[in-house]
Each structure stands twice: as structure tokens, then as C-alpha cells.
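Please read them alongside the coordinates.

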There are 2 protein chains.
Amino acid sequence: MKNPSRTQFACLSALRVSPLSGYKIAETCNAWFSDFWSESYGQIYPTLKKLLLSEDIEKLPPEKGQRGDVYKITPKGLETLEAWLRLPAVPASFRDEYFLKFFGGSVVPVSVHLEHLARKRLQLDALLASAQTALKTLEIVPHPDKDYWTLMARHGEISYRAELAWLDEAEKLLKTKQNQATNQ
Amino acid sequence: MKNPSRTQFACLSALRVSPLSGYKIAETCNAWFSDFWSESYGQIYPTLKKLLLSEDIEKLPPEKGQRGDVYKITPKGLETLEAWLRLPAVPASFRDEYFLKFFGGSVVPVSVHLEHLARKRLQLDALLASAQTALKTLEIVPHPDKDYWTLMARHGEISYRAELAWLDEAEKLLKTKQNQATNQ
DNA sequence: GCCGTCATGTAAAGCGTTACATGATTAA
DNA sequence: TTAATCATGTAACGCTTTACATGACGGC
């Protein structure tokens, strides 16, 4: 395979913690993993079918009051996940539109960039807040992997703070630039 | 359009600074923009054809000793770029395999995670070094957009430093974890 | 003459989002 | 009963990478 889809590993990662429906897997990815991963329904359901065929997951017998299908990871699935976890991570190739726009520099007025920065700040504030909420929540969660998950949340906290520090610097410089332009 | 390709804007952004061949555009994207953007040849050449048709770029008359085709942005192309620059940036959706693996926690031994961290450190060291080289280079570059480009490099420096700080924290905690396991 | 770089291009394959369709259950 | 949520699924579309093919030019 050239670009093996990693959706299967995202699914297995979520199911490793507890059995879930396809819907809940998507929810988990887009909440727990939101800082570094996303999945769409159009990707998850076909993947679950494949994982069923390969016996990496199994469908649990429906319990009363249960909606939809609930999947559980199998011992084989855990092995599949483990094997992948051992492989070196393929470095993420960012494509952050934001900086491409920044590179445009004087093609647009400084004010346009300042607006972009302001939007970015709102997003970062929200992301930082959710990382901090996650840290608080994790304090009272008993789980063998608590340390890993806490470190993940810490990563969010640290990098969002760094981004915000950069934002301060960028805004300051651009505002100076704007004033110079006005005073000329 | 649903997912309008941003390759065209990457091309226009590069050509805005100076006329380039398709090959050089790819080089520029994967060097200058490497922190936040990537393009492949299979994407660039078809895009250049489209941009020619829409008259956003034009082919320069071949000069002696020139290899291949060299493209230049047109006034219309500059307008196209400007219009896009004014639009709010679509937030980047990361898919960083690295953290998905980290989430796997105790599925693999601590040593596996420490190896992942060590690899990540090497990558970050290299990225930080290149950001710092860029900053030095920019010091002596006279260009109206120098400030923007410097801020971009500063973003790299700041965020890579933050990542490295997190790495220190993560390594420390995981090593403690490893020792505890050994001493039991 | 040969290799490395510069250069252009296409085809295949697969990834992934979006939009759409559908329906059950539950809470207001 | 009406809306929101939970739930499953598919089809279209286009993006993107990868691999491959080809060839010119320059330096050794």
C-alpha cells in the first residue's frame, strides 16, 4: 500500500479504550483527538466494515436499550494496533493556509493581516481552554494510560501558549507597521 | 467548488516574489514554505496550465541559456491572489500520526514511546536550526515583506522551541515510568 | 561519455470530505 | 409532536501522492 489509510488505526485506538458505535468513534476522534486528528463518517463506516472482515474488531450482541451497532476490539485487532504503534510515525505534512496568507505580505493592507491574527487568537483561546479543561478532567481519571493522555493535553497547552506568544509579537510588529504607514 | 485546491494560491504566492519555472516553484514551496506547506510536481504542472488559461500567469519569452518555461504573475493573477488573501483562513486540520501513537499508551512498552520521542527530537532540532538559519538570512535581505517573512520564521523558532520543551517534559516522565516498571 | 540536476508531464490509485438520504429514539 | 440527537450509509467529486517516463543541459 502506498498511502495506507490511518483511519483504521484511529478507530482501533478509540475502541481500545472501550467499545463504541461508529457514531461515537467519530465523536471521540473529533473531541479527544481534535488537536491532532479528525475523521468523517464517510470514512469511518467503510473502515469498520473492513476491520470486521479482517477480524480486528467484532460486533457486540445488542443489549436492551442500545442504539445502533457497538464494536469491540479483538485480540487480533490489538496486535494490529500494537504493530502500527511500534512503527516510526510518518511526519505530519502541515498545510496551514494561514501562513500561506501571511507570506502574501504587502499584497494586502496590514489591517487584513491583523484581522487574520485576531481570528487566530480567538481560535487559540478556545483551544487552550479546552486543553486546560482536559487537564483538569484527567486529574480525577483513573486509567493506566493517564500519564500519556495528560502529556497529550500538556502538549496542547504548551504549544497553544507558544502560538499565543507569537501572536503577541506579530500583532505588536504589525501595529507599529500600520502606524508608520498612517503617519507618513 | 467544494474543496478548492490551494495549490494555485501557493503557486501565485511564489510567483509573486519572482518569475519561476514549475520545478523551481516546487523547490520554493518545499524549502521556503516547508514549515506549513508542501506541493508535489503532479499537482503543480496541471495547476500552471489552468492558471495560464485563466491568464493569472503568463509564460515569459525564453531567454538564452534558460531551461524550461518560466512563468510570471499577471496583474489579474495578483488580483486573484489578493482576493484570496483577504478571505479568512480555513483552519488547518492536523493529522499528526505521532500523537495518535502516543494515545496508544501502554499497548506498547514505554521504550517504544521513548524511541518515538527521540526521533521527534532529531526532527525538531533540524527544523529549529533551519528556522534560525532563515532568521539570519532574512537579516540582510532587503524586501518590503521582510517583516512578514521574519515573523514566519519566528513562528517556527517559537513553536519548535515549545515542542522541544514539551519533549523534555515527556521524556522525563516516561523515563520515571520506565524506572518504576524496572524496579518492581 | 556519464552522472547529477533541472525540467515537464501523465496515469493510477487511493484518500477524504461533503452532501445527501434515511430512520430510530428521546427529551421538551 | 416536534426537534434534537444518535445512528448508518452511499455517491460524487476532487484532491494529492506516487510512480513512471522522458529528456535537456552542464560539469567532471
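1. Ser38(A) has a polar side-chain atom 3.5 Å from a phosphate oxygen of DNA strand C. The model is a predicted one. Chain B also reaches phosphate oxygens of DNA strand C: the distance from a polar side-chain atom is 3.4 Å for Lys49(B) and 2.6 Å for Arg95(B). Two or more residues each are given to the surface near DNA strand C by helix H3 (41-53) of chain A and by helices H2 (22-31) and H3 (41-53) of chain B.

2. In total, 22 residues surround DNA strand C, and the closest are Ser40(A), Tyr23(B), Tyr45(B), Asp69(B) and Arg95(B). H2(B) supplies the largest share of this surface, with 4 residues. Sugar or phosphate accounts for 67% of the DNA strand C atoms within 4 Å of the protein, and bases for the rest.

3. The largest nonpolar core holds 102 residues, and Trp166(A) and Trp166(B) have the most contacts inside it. Beyond its sequence neighbours within four places, Trp166(A) is in contact with residues of both chains, among them Phe99(A), Leu117(A), Leu151(B) and Ile158(B).

4. Asp96(A) sits in the loop between helix H4 (75-86) and helix H5 (97-103) of chain A. Asp96(A) counts as buried because its relative accessible area is 10%, against a cut-off of under 20%. Apart from neighbours within four places in sequence, Asp96(A) is in contact with Lys120(A), Phe36(B), Trp37(B) and Ala92(B).

Technical notes:
Residues numbered from 1 in each chain as written. Chains lettered and ligands numbered in written order. Predicted model: local features only at pLDDT ≥ 70, side-chain atom pairs only at ≥ 80, totals over all residues. Heavy atoms only, no water. Buried < 20%, exposed > 50% of the residue type's maximum accessible area, 1.4 Å probe, protein only. Contact = heavy atoms within 4.5 Å. Core = buried A, V, L, I, M, F, W, Y, C linked by side-chain atoms within 4.5 Å. Near = heavy atom within 4 Å. Polar contact = N/O pair within 3.5 Å; in protein donor to acceptor, adjacent residues only side chain to side chain.
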